[in-house]
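Hi,

Here is the structure I promised to pass on to you. Have a look at it first, and then read my notes below.

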Amino acid sequence: MADVAPLSRTQLAAVGGAAARELGWGLRLVRRELDGWHARAKLINDPILREHAIGSLTRKRTLVDGAAFYWILPERRDAGLLRLLVAFQVLADLLDELSERGGDGRDLLLAFVDAVVLDTSVGEHDEYTMALIGACRTGCAALPGYPLIRGLLGPQARQAGALGLHHIADAGAREAALRRFAADEFDTTPEATWFEQTAGGASALTIIVLLAMAADPRTTERDMHAALAVYSPWVSALSMMLDSWVDQHDDLASGHVSFVGYYADRGAAVDRIAFLINRSLRDLATLPGGERHMLITAAMTAMFLSRDSARSADLAAGTRTMVAAGGPLTRLLLPMLRAWRAAYRLRGG
């Protein structure tokens, strides 16, 4: 497997620019947005919903930071885009939390569609979910490139509905439902397995990317389709497989679905995730602004693999293989994100 993501002058400039934007504005703005949603969540009348809303904001903070990081795709910083990405990820995290607790999958799918497809009427939701959907719709309406992605968001939102199927308790029924969903909602991609496709859809990552690209008025329809071909299924599947890799111990204890468990064995999982990392970075390099796409994906890879669980005795060797597959950029970012995790814990996060 050839090395990818070399530290070229252009790539290092992207790293520096992203660091300046994040440290100067991004982290502070994300914190402010999350404080606002946390204050709203505390006012929810339903005690069960309130518990889930606050819990998802607390436990899934790094996912919100990851989604918000896509605001570096446009060359100019855009606070409205960042607010949109935060609101969408908070909504996705809430829906994930509720589906884990047996929530209605139809309501989950409807919320995804309502949030980003503006030519549909909004269904009935609780007040907190309605506020998140409203924030997403306001943000979408302000995107100069929204007309370019209008026709793409509906199918992507429906694919995100796979999230509800991943939490079916019975393993046999879950697999059967996911296989049917893959056959109905995804184009045939011989190189991607059915569970990689459904995992990628459930991540909703393609929606986040499309929204971020639509914030740049110079983005063309051709750019959107080129990015979609890379993110769906490759980068989207990678995000969920990395998450599953580092969560194996917790998933085993809780009985939650383990995506890496669908591979023949752990060795096959390591080889496949390493392939997904390598292919994703290589294909992202071909996109306009590819150095920023590569940086975000390398940072995502390093963020997951910087988890303490990734260095446990049984996972450490596989983690090293994955880091190597990410090339010099991933290796550069890994110690930075380990330090970020340590500092974040010191701040009580």
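Helices (H or I, at least four residues) and strands (E, at least two) are DSSP runs, numbered from the N terminus. Arg 32, for example, sits in helix 1. This is a predicted model, where local features need pLDDT of at least 70, side-chain atom pairs count only at pLDDT 80 or more, and totals for chains, interfaces and linings use all residues. Residues are numbered from 1 along each chain as its sequence is written, and side-chain values use heavy atoms, with hydrogens and water left out.

Now the salt bridges (a side-chain nitrogen of Lys or Arg within 4 Å of a carboxyl oxygen of Asp or Glu). The structure has 14 of them. One network of salt bridges links Glu 75, Asp 216 and Arg 218. In it, Glu 75 and Arg 218 meet at 3.7 Å, N to O. Glu 75 is in the loop between helix 3 (61-68) and helix 4 (79-100), and Arg 218 is in the loop between helix 11 (205-214) and helix 12 (221-246), so this pair ties together parts that are 143 residues apart in sequence. Arg 218 also pairs with Asp 216 at 3.3 Å, N to O.

How accessible are these residues? Buried means under 20% relative accessible area, exposed over 50%, and partly exposed in between (1.4 Å probe, protein chains only). Asp 216 is buried at 11%, Glu 75 is partly exposed at 49%, and Arg 218 is exposed at 53%.

Another salt bridge joins Glu 175 and Arg 179, with the closest N and O atoms 3.0 Å apart. These two are four residues apart in helix 9 (residues 171-185), so about one helical turn separates them.

Enjoy exploring!
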